[in-house]
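Subject: Structure handover

Hello,

Here is the structure we talked about. Please look it over, then read my notes below.

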Amino acid sequence: MNDLRKKEFQPVYRAICSDLDHTLLMPDKSISPKTMKCLRMLMDQGMEVIPCTGRAFRSLPESVTDFPGIRYVVVSNGAAIYDMTTGIPVLSFCLPDSFASSLMTFFQSGKKDMITYECFVGGQGYTSLSYYNDPGDFGFMGETGKKYIQSTRIPVDDIRAFILDHADKLDAVDIISLPREKERILEEIRDAFPQVYVTSSLPHLIEISDAMSGKHNAIKKMAEYLGIEVDEILAFGDGDNDSDMLKSAGLGLAVANGTDLCKQSADLVIGASKDEAVADFLIDLYHLDLDG
């Protein structure tokens with residue numbers, strides 16, 4: 001565990017807001033027994049546990065949807081907050097109606113980038129047949145990545161037309177590019193569309209949602225909703241899309257396998273997600289005896 005960087009520990013935290021993939025979850029997308037027991041002990045003491053993910057609502061793993069006691073979940077990088085007991089969003093933002101046509105026009109203007117798209121409507125993901133059939137062509141490698149895409153997305157014949165047809169209902173749009181091209185395209189999108197929120201959680205992914213979204217804004221909304229202060233939130237993450245959340249929280253913690261930006265934005269860098277670093281940090285902070 002690295003040294004504390006910016007903030008002192010507060011005596012009381014009342015909520016844990018954690019990213020899922022490569023942070024709280026194990027490589028097989030489960031929550032380890034140790035982490036589960038640790039979180040349950042804290043929840044029994046009144047702690048609120050709120051997953052904060054770039055995943056859409058219908059892409060959440062069973063390890064989260066079946067976790068007893070979790071009521072709220074932040075999805076699509078803060079574009080929506082769902083009540084897990086009802087499956088209904090308590091807060092949601094859709095992209096501006098005009099954005100879809102502007103984006104499609106932008107990428108028709110003589111550009112030769114090898115890209116495709118996915119989009120999210122009502123918490124459900126849709127993607128192109130090319131990405132659905134072989135995400136490895138775009139840098140999402142391995143059978144685990146392929147299984148994730150094929151179990152959480154619905155393929156459509158013409159993803160561009162689908163996005164245009166659902167322009168007034170888009171939770172988010174992702175641009176899928178070759179990893180070597182991502183940073184350049186991401187900056188082009190930010191320059192061309194300052195009115196939306198643009199971030200990234202994976203080397204091949206550019207994630208776009210309404211300007212009011214972002215995990216940092218979502219945890220502020222959650223604090224208001226729960227009647228607590230943002231300073232009373234512990235936040236954990238690994239990706240660029242977690243960086244603003246870590247800066248906004250009372251204490252922001254990056255796992256060792258996080259991106260450079262995420263770690264630079266954190267108050268503390270802890271161990272690796274595969275080594276159950278979130279659980280170990282909480283056990284040390286709260287002096288939990290899991291064997292007691």
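Which helices each supply at least two residues of the lining of the second largest pocket? They are helix H3 (62-65) and H6. Helices here are DSSP runs of H or I with at least four residues, strands are E runs of at least two, and both are numbered from the N terminus.

First, the ground rules. This is a predicted model, where local features need pLDDT of at least 70, side-chain atom pairs count only at pLDDT 80 or more, and totals for chains, interfaces and linings use all residues. Residues are numbered from 1 along each chain as its sequence is written, and side-chain values use heavy atoms, with hydrogens and water left out.

Pockets

A pocket is an open set of points on a 1 Å grid over the protein atoms alone, with protein on both sides within 12 Å along at least five of seven lines; lining residues have an atom within 4 Å of a point. Points are joined across faces, edges and corners, and a volume is the space filled by probe spheres set on them.

The second largest pocket has a volume of about 290 Å³. It is lined by 15 residues, and Lys29, Pro61, Lys147, Tyr148 and Ser151 lie nearest its centre. H6 gives the most to this lining, with 6 residues.

The largest pocket has a volume of about 500 Å³. Of its 32 lining residues, Asp21, His22, Phe140, Tyr148 and Leu202 are the closest to its centre. H1, strand S6 (115-121), helix H6 (142-152) and S11 each give two or more residues to that lining. H6 gives the most here, with 4 residues.

Cavities

A cavity is a set of grid points where a 1.4 Å probe fits but cannot get out. The whole structure has 3 cavities of 30 Å³ or more. About 60 Å³ of space lies in the largest cavity. Its lining includes Gly54, Phe120, Asp174 and Glu207. S11 supplies the largest share of that lining, 3 residues.

Aromatic pairs

The structure holds 9 aromatic pairs. Rings of Phe, Tyr and Trp (its six-membered ring) pair if their centres lie within 6.5 Å; planes under 30 degrees apart are stacked, over 60 edge-to-face, and the rest tilted.

Phe106 and Phe193 pair edge-to-face, 5.6 Å centre to centre, with 70 degrees between the planes. Phe106 lies in helix H4 (residues 99-106) and Phe193 in the loop between helix H8 (179-192) and strand S10 (196-199), so the pair ties together parts that are 87 residues apart in sequence. Phe106 is buried at 17% relative accessible area, and Phe193 is buried at 6%. Buried means under 20%, exposed over 50%, and partly exposed in between (1.4 Å probe, protein chains only).

Tyr126 and Phe162 form a tilted pair, 4.6 Å centre to centre, with 35 degrees between the planes. Tyr126 and Phe162 are both buried.

Core

The largest nonpolar core has 37 residues. Such a core is a set of buried Ala, Val, Leu, Ile, Met, Phe, Trp, Tyr and Cys residues joined through side-chain atoms within 4.5 Å. Ile16, Leu234, Phe236, Phe281 and Leu282 have the most contacts inside this core. H12 gives the most to it, with 6 residues.

Best wishes
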